[in-house]
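Let's take a walk through this structure together. Have the sequence and the 3D view open as you read.

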Amino acid sequence: MERKSFDCLALEEASIDQLQGAMAEGRLTAKQLVLMYLERIARYDKAGPCLNSILEINPDAIHVAGALDRERERSGPRGPLHGIPVLVKDNIDTADKMHTSAGSMALANSYASEDSFVASQLRKAGAIILGKANMTEWANFMTHNMPNGFSSRGGQVLNPYGPGKFDVGGSSSGSGSAVAANLVAAAIGTETSGSILSPASSNSLVGIKPTVGLVSRYGIIPIAHSQDTAGPMARTVRDAALVLGAIVGCDERDPVTATSLGRYHTDYTRFLNRDGLRGARIGIPRPIYYERLDEERLQIMNRAIAALQDAGAVIVDPVTFPAAKEKFDSTVLVYEFKPNLNAYLQRLSSQVPVHSLAEVIEFNNSHAELALKHGQTLLTASEEKSGTLTEPEYISARLRDLRLCQGQGIDFALKEYELDALLFPANWGAGVAARAGYPSITVPGGYTAEGRPLGITFTASAYSEPTLIRLGYAYEQATGNRRPPKLEN
């Protein structure tokens, strides 16, 4: 029987395994796959609903795909990402013909001189970096009340489930919107506090925020060294696990990755288990985190909890921990941003107009009509700090974050209630996990009556990615919650 060629209809919701299967059978090439995604980008990102999720397309993507096709013919695929197009957030360096700007006008003409560790790992795995995803400017550390998904350089990213109606989440907004709309197979986002989990929840995706140190931060425009990390965003847990395995590893240019030696896995798919919830103890931090939910979203969470129980999980409800009652602010981020950003900017070409935070602020003031639609209060607040991290206020705040969010936060809850993980609505527990440096996984949880997605998020202690992937996968397989957005041409 003659095999049918892989067509555009089959592309929607296609998993990485399905794409690889079609390429292995000769029904699809990486070049054809790139062209199909480009057609969808033209149809839905820059026309139709105009999602505006992608800032730049890699001019070499088609040629890279052709080279990878030839390599497959000669020696077979490098691995599960061979020939698979992915997007990277616009704060991740790529040494090619694309800019890295964090959505800012000040860096609109900045080309990275070398790949970030993440981009290098993706290329080694055979992935095709299709383009740069739009994002909330400066990863939402530019000003108070910045709209999710807005950047001066790229404009406003829209949520494909309700363009202009539903919040797209951020700051990895373009990564979330594009993957949800099937404009690419998967994407890389970055998170300081909620920036992967938020758009994953808002766009009915799987997002993995890894333990700080599992993925090198080298070549990523920073906010805070204590919390920054990159991670995968995909339509399935398996796809996210495949991408995570490709980007982890030790990197001598980022000393925090040395803490991950012997604790990371290059294949996280081995932790996928349909029965992974059986006997698992899941804690529900209902006080504080669930109390803010409206009735409709509370019902979605309660249905998710019931599904976990039906799949064999032991539900401990409610649980609480001391940090849940504490109020946190951005003190640590305000102090850490200046030295981290200045170190990054100092490495840039002399052709770039800014090489310090002070110069970014000055540039924005000089181009206020283009660059300051929403202000720059966080930039100026950080510039007022010394940049030496010697201030007692900073040191006290950082130590408080660690004490509360680790020992009196997630670690306390896991030990006190003998839990495998905590379950939060959307990204509402992201702040505690972020300050602790601990991982989380968001998976689709359901939809409101008007179609707004809501994710559920599993969180646990450092280097618990295998457990979180196991739990997230078992829940995903038991519920099958994700459905694609209905896009109008």
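## Rings and a pocket

Start at Tyr289, which is buried because its relative accessible area is 7% (buried means under 20%, exposed over 50% and partly exposed in between, with a 1.4 Å probe and protein chains only). Before going further, keep in mind that this is a predicted model, where local features need pLDDT of at least 70 and side-chain atom pairs count only at pLDDT 80 or more, while totals for chains, interfaces and linings use all residues. Residues are numbered from 1 along each chain as its sequence is written, and side-chain values use heavy atoms, with hydrogens and water left out.

What does Phe321 count as, buried or exposed? At 2% relative accessibility, Phe321 is buried. Tyr289 and Phe321 form a stacked aromatic pair, 6.2 Å centre to centre with 25° between the planes. (Rings of Phe, Tyr and Trp, the last by its six-membered ring, pair if their centres lie within 6.5 Å; planes under 30 degrees apart are stacked, over 60 edge-to-face, and the rest tilted.) Tyr289 lies in helix H9 and Phe321 in the loop between strand E10 (314–316) and H11, so the pair ties together parts 32 residues apart in sequence. Helices (H or I, at least four residues) and strands (E, at least two) are DSSP runs, numbered from the N terminus.

The structure holds 7 aromatic pairs. In another of them, Trp138 and Phe337 have ring centres 6.5 Å apart and planes at 80°, so this pair is edge-to-face. It links distant parts of the chain: Trp138 is in the loop between strand E3 (128–133) and strand E4 (150–151), and Phe337 is in helix H11 (residues 331–346), 199 residues apart. Trp138 is buried at 3% relative accessible area, and Phe337 is buried at 0%. Ring pairs also bring in Phe141, making a cluster of Trp138, Phe141 and Phe337.

Now for the open space: the largest pocket holds about 940 Å³. Of its 37 lining residues, the closest to the centre are Ser193, Gly194, Asn427, Gly431 and Arg435. (On a 1 Å grid over the protein atoms alone, a pocket is an open set of points with protein on both sides within 12 Å along at least five of seven lines; lining residues have an atom within 4 Å of a point. Points are joined across faces, edges and corners, and the volume is the space filled by probe spheres set on them.) Helix H9 (286–289) and helix H16 (430–436) each supply at least two lining residues, with the largest share, 4 residues, coming from H16.

Conventions:
On a 1 Å grid over the protein atoms alone, a cavity is a set of points where a 1.4 Å probe fits but cannot get out, and a pocket is an open set with protein on both sides within 12 Å along at least five of seven lines; lining residues have an atom within 4 Å of a point.
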